[in-house]
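Hi everyone, thanks for coming. I'd like to take a few minutes to walk you through a structure I've been looking at.

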Amino acid sequence: MYKYDWKGPKRGVALYSYSAEFGLTKSLEECFEDVHDMGAHGIEILANTHIENYPYPTDEWVEKWFRLCDKYEIVPVEYGNWIDSHVLGSRDLTTEESYEMLARDIRLAHRLGFTVMRTKMPVITDKLEPVKNWREIIKMALPLAEELGIQMCPEIHTPTNLKGDMVNDFVSFIKETGTKNFGLNIDFSVFRTEFAEGEYVDPNYTPNAPEDLIPLLPYIYCCHAKFINMSDTFEETTIPYKEIIKIFKDNNWDGYLLSEYEGADKYDLGYEVGQTLRKQHIMLKNYIGD
Amino acid sequence: MEREVIQSVGFRNTKENGEITGFQFKVRLPYYRGVFLSQLRPGTLYVDGEKFEKGDIIWNIKGEDYTYEEMKEDFKTHWAVTEPAVLKVKKMGGLSQGFHELVYGFCFTSSYMPPVIQEHLDPDAESFVFMPEFGHHVNKRKLLIV
């Protein structure tokens, strides 16, 4: 299996970025080749999107998966999954049923060579607070995650604040259990400082400073390098990327920054998200040095 | 697969024992991830204004037929974004030769979205705010039967 030995922050791409093109004008292999063109080595997939015949792929498909990773020098970094406890309209899944769904994804992530999972929690409020039994579900899954070397990470995304209750609850859980198999994925939307005139800004949102990352670094196993607007001189105009990457480098953090483009314009006819991703990778390459 | 939700390929009359007993068409899932069948909220179909109730439409996913009631409870069967579903409708004699306007609504739930959005999902009406990655609920297309 392909290995990439660079230490420090590393470049990768979340295949979610191709959501408007995947299955229509781009195959999985074409997404891999696009990432390879950028000289990036990490990848995040969405289990429910990119795995053929999910959640039960054939052995032939898994062989093809590893062949693609080797051919395009790709490391399977993050496996995007959902604990869909609201999957039934009539009732919520029990803790046991939610665990079974999560365990199925942990096994599949491991089978595909992943080490980190972006584990999306089901929410119960408009402030996106997770279901009340999230601790029980995760606790049940910790032994399996440990056995298979998987780190489950909820994504911390705007309007959530790195100093807020949600992150605090996750960190307390990590400290109480002492686990190395549950951590955080920080989405860089939490650092966004610039908004277009008239653009909607969630009233619950306060931007974090890049330094707010420092106390959380031991629990961050992966990041979503969210970007909003890349200039034609290859600068992100809304998020302080230079300062963020400096924090990671100065503190010897080792892991992947996975580009995620979420702009609605990617659904416009003829839009090529690969070109937008390349602009960001020119910037990342310059700041990271690889 | 076409970018439109209602696909042009797969629209035809269907036969049982040599007799035309209905028609079928295909839809793709306009979402960035696949869904389990219980996440689906199928709506009403109109063909040239003629109404077909959601309970009378069979969804075929990967070669298996599912009724509206079966889908409600099925959170193990997954529908992929890369594979259109076949929708089967009973209608003795099928649809006539020529153009037909299909209007069909469906949507799906997402556990990670705010409950206020989930509670008001209506497959036969558009969401309050249109979000391209969730697609339109109601899709329309004019297609030919030979």
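I'll go through a helix, the core, a single residue, the contact between the chains and a sheet.

Before anything else, please keep in mind that this is a predicted model.

Let's begin in chain A with helix H1, which covers residues 28–37. Which of its residues are buried? They are Leu28(A), Cys31(A), Phe32(A), Asp34(A) and Val35(A). If you look down the axis of H1(A), these buried residues fall within an arc of 160 degrees, so they line one face of the helix. As a reminder, an α-helix has 3.6 residues a turn, so residues three or four places apart point the same way. And what covers the buried residues of H1(A)? The cover includes strands S1 (9–14) and S2 (42–46) of chain A, along with helices H2 (47–50), H3 (59–71) and H8 (273–288) of that chain. Just after H1(A) you'll find Gly39(A), with a positive phi of about 75 degrees.

Now for the core. The largest nonpolar core has 100 residues, and Leu15(A) and Leu258(A) have the most contacts inside it. Helix H4 of chain A, residues 95–111, gives this core its largest share, 6 residues. If you click on Leu258(A) and set aside neighbours within four places in sequence, its contacts include Gly12(A), Val13(A) and Ala14(A), as well as Cys222(A), Cys223(A) and His224(A).

One residue I'd like to show you is Gln151(A), in strand S5 (residues 151–153) of chain A. Is Gln151(A) buried or exposed? Gln151(A) counts as buried, because it has 22 C-beta neighbours inside 10 Å. Its C-alpha atom is separated by 5.2 Å from that of Phe182(A), 31 residues apart along the chain. Beyond four places in sequence, Gln151(A) touches Phe182(A) and several other residues, among them Thr115(A), Val116(A) and Tyr221(A).

Over to the two chains together. Here 22 residues of chain B are in contact with 25 residues of chain A. The chain B side of that contact has 11 nonpolar, 7 polar and 4 charged residues.

Last stop, the sheet in chain B. Its 5 strands form an open sheet with antiparallel pairing, in the order S1-S2-S9-S6-S7. Strands S1 (12–16) and S7 (64–66) of chain B stand at the edges with a single partner strand each, so one side of each has no neighbour in the sheet. From one strand to the next, the twist averages 35 degrees. Inside the sheet, S2 (residues 19–27) and S9 (residues 85–90) of chain B run antiparallel and are joined by 6 bridges. There you can see Lys26(B) opposite Val86(B) in S9(B).

Key. Residues numbered from 1 in each chain as written. Chains lettered and ligands numbered in written order. Predicted model: local features only at pLDDT ≥ 70, side-chain atom pairs only at ≥ 80, totals over all residues. Helix = DSSP H or I, 4+ residues; strand = E, 2+ residues; numbered from the N terminus. Buried ≥ 20, exposed ≤ 12 C-beta atoms within 10 Å, placed from the backbone. Contact = placed C-beta atoms within 7 Å. Nonpolar A, V, L, I, M, F, W, Y, C, P; charged D, E, K, R; others polar. Core = buried A, V, L, I, M, F, W, Y, C linked by C-beta atoms within 7 Å. Pairing = 2+ DSSP bridges. Axes fitted to C-alpha atoms, helices over the stretch in contact; angles between N-to-C directions. Arc of directions from axis to C-beta.
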